[in-house]
Each structure stands twice: as structure tokens, then as C-alpha cells.
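This report describes the fold, the surface and a few local features of one protein chain. The sequence and the structure come first, and the description follows.

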Amino acid sequence: MVEIFLRTLPFFAIIGLGFCAGRSRFFPPEATAYLTKFVFFFALSAMLFRFAATLPFAEIFNGRLVIGYLIGTAGVYALATAVAYLRGLDIPTAAVEAQCAAIGNVGFLGLPMLALLFSEAAIGPVMLVLTVDLVVFSSLIVILINGGRDGRLGLATVRLIGVGLLKNPMILSISAGLIWSAFNVPVPAPLNDFLTILGGAATPGALFAIGASLADKSAERIQIAGWLSICKLVLHPFFVALMVIWLIPVASFPAMVAIAAASLPVAGNVYMLAAHYRVAPQRASAAILLSTLASILTVPLVIGWVSTL
């Protein structure tokens, strides 16, 4: 366990470095926003496309893993929603809390970290997890917030979801890479080198951006943030493990990667959605901050456990 902790520590150290840079204003919010854009639109997209294009589709797609992860995530999503309803929250606020409980920082933290910890073979399962999060649950929160406000699901909401998916560079890069792979077209050496160099910036850039973005997060509503952090860091990996190990068993390696991905802290884009729709942004902010701090200890524990599977 100490070895796992020491292996994950450099990733969190870079997050801490970004936090210090943001907190001291040496790296102002504007710089963080542009670094995030670079990582999101260029570096991570290059990494995703290269791996999707160079791996056979059969090695990437795993239907049982998708179903297991989807049901496990839906389970903790439903639990957080039920607890929110029992506390008398409205649908939009309950949706934000459920999103905090179930959606981890797979893109910016999980993708680079798990690829280095588990080898590049982890990229395929991580891409499946990321796709489920983006397509299913990022769409679901938009439906619940707009439907909860309007009382119905309008055409405008459906259009908004569709446009959002089509504009998401992670979805586009994965899709383009899979199409490239499906046609069995080799990636030319200059293009592969270009994608390797650009994608290499994803790991430090993403981790630094996470830390810098945490610098302006508040720690209000600690009790609620604590509950949501427990959901995300403990219950989510447990629910996913229950599915992919026992109820819908898959091979040990993809199961291990999916469980590790489920153990990651709350994703930063939950705050962006909450702030955009003006629904409990402080709640999401506190959950992101607290879960990220706690994950320094919990993520190595989960990875250490799944490594024994």
C-alpha cells in the first residue's frame, strides 16, 4: 500500500503545485482557463485519438464492462438522488448532488494517471468509462435541470444535449480514432509522433489545471460535501466493483481499471454545469475540493485493493 501511495503521490503533488500557483495568483484564473482549454481541446484529444486509432476496436469495446459500470454508477446516482429528495431538495439541486456523487475526474486525472500506473493497456477501459460519463450522465443532468424547471423535456433541451455532445472534443477524438481503427488504416509515423508529443502535455497540463482551478473553490456546506465525497470516493467504486466483479463479471484487468476510475474525486465540469445553470454551485465547489483532498489517501487504497484482484 505504501508503494501504491508513493506512485500516486507525484500526480497529487502536481495538483498541489497548481493549487499553490493559483492560490498565490502567480497563475491567475484567466491563465487557468486557457490552460484548461489547451488540455481539453488539444492535449487530451490528441492522446485519446492516438490510442483509439492505434488499438483494434475489439480490444477497446467491452459490452459487459459498459453495462457493469453504467449500472454501478446509476446505483450511486439513484442513492444520492433519493437522499436529496428525503431532504426536500428540488429536482435541479438533487441532480447536481447526484452528479457530484457519481461523476469523477476521469478525463483530466484518471486518463493520464491510470495510463501511467496500469500501462497504456488501461486506456481502452478508461475511454469506455469516460464515454459513459459524457454521453449518459452529462446528458442526464441537463435533462433533469431543464425538465425540473420547465416541468417537461422540450425540443430545445434535446437539441442542447445533441449539440453539446457533438462539440465535445473528447467524444469527437474517441469517435474519430475508432473510425480510423475500424478501417484498419495505419497511423503515419509523422502523425503518430505529432500526436505523441502533443498528447504528452496532457498529464502535467491536466493535473496542474486541476490544482489551479481548486484555488478559487470554497469549502462551504462541509457536511453535504462530506456525504457527496463519501458517495464518490467510497460508494461509487464499491457499486462498480459489485457489478463488474460479482454480478456482471468481466476480466480482471478492465474490472480493475473501471473500479479505479470510479474511485476518482468529483469532476470539475460538475461545478461548471452548476454555475452555468445557477444551481448549487457552492455545493459542487465544496464537494470537488473536499473529495480531491481526501482522494490523496482513498485513491491509493482503492488501487491497492484492485491490484490484488
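## Loop residues and overall fold

At 75% relative accessibility, Arg-278 counts as exposed, because exposed means over 50%. Arg-278 sits in the loop between helix 14 (268-277) and helix 15. Its phi is positive, about 55 degrees, although Arg-278 is not a glycine. The model is a predicted one.

Asn-184 is another non-glycine residue with a positive phi, about 55 degrees. The loop that holds Asn-184 runs between helix 9 (169-182) and helix 10. Asn-184 has a relative accessibility of 67% and counts as exposed.

| Residue | Loop | Phi |
|---|---|---|
| Asn-184 | between helix 9 (169-182) and helix 10 | about 55 degrees |
| Arg-278 | between helix 14 (268-277) and helix 15 | about 55 degrees |

As for the chain as a whole, it has 15 helices and zero strands. The radius of gyration is 18 Å, close to the 19 Å that the globule rule gives for 309 residues, so the protein chain is as compact as a globular protein of that length. The C-alpha trace spans about 55 × 45 × 40 Å along its principal axes.

Of the contacts in the protein chain with a separation of 6 or more, 84% are between residues 24 or more positions apart. Buried residues account for 53% of the 309 residues.

The protein chain has an accessible surface of about 13,600 Å², and carbon and sulfur atoms contribute 71% of that area. Its charged side chains number 16 positive and 11 negative, with the centres of the two sets 7 Å apart.

What does helix 11 pack against? The buried residues of helix 11 pack against helix 1 (2-23), helix 2 (29-54), helix 6 (106-118), helix 10 (189-199) and helix 15 (281-306). Helix 11 covers residues 202-214, and its 13 residues reach 18 Å from the first C-alpha to the last. That span is close to the 18 Å expected at 1.5 Å a residue.

Helix 11 is mostly covered, with 11 of its 13 residues buried. Among the buried residues are Gly-205, Gly-211, Ala-202, Ala-206, Ala-209 and Ala-212. The buried set also includes Leu-207, Phe-208, Ile-210 and Leu-214, along with Thr-203.

Note on methods
Residues are numbered from 1 along each chain as its sequence is written. This is a predicted model: local features need pLDDT of at least 70, side-chain atom pairs count only at pLDDT 80 or more; totals for chains, interfaces and linings use all residues. Side-chain values use heavy atoms; hydrogens and water are left out. Helices (H or I, at least four residues) and strands (E, at least two) are DSSP runs, numbered from the N terminus. The radius of gyration is taken over C-alpha atoms; the globule rule is 2.2 Å times the number of residues to the power 0.38. Buried means under 20% relative accessible area, exposed over 50%, partly exposed in between (1.4 Å probe, protein chains only). Contact means heavy atoms within 4.5 Å. Accessible areas come from the Shrake-Rupley method with a 1.4 Å probe; for residues, only the protein chains shown count as cover. Lys and Arg count as positive and Asp and Glu as negative; His and the chain ends are not counted. The place of a charge is taken as NZ of Lys, CZ of Arg, CG of Asp or CD of Glu. The expected span of a helix is 1.5 Å times one less than its number of residues.
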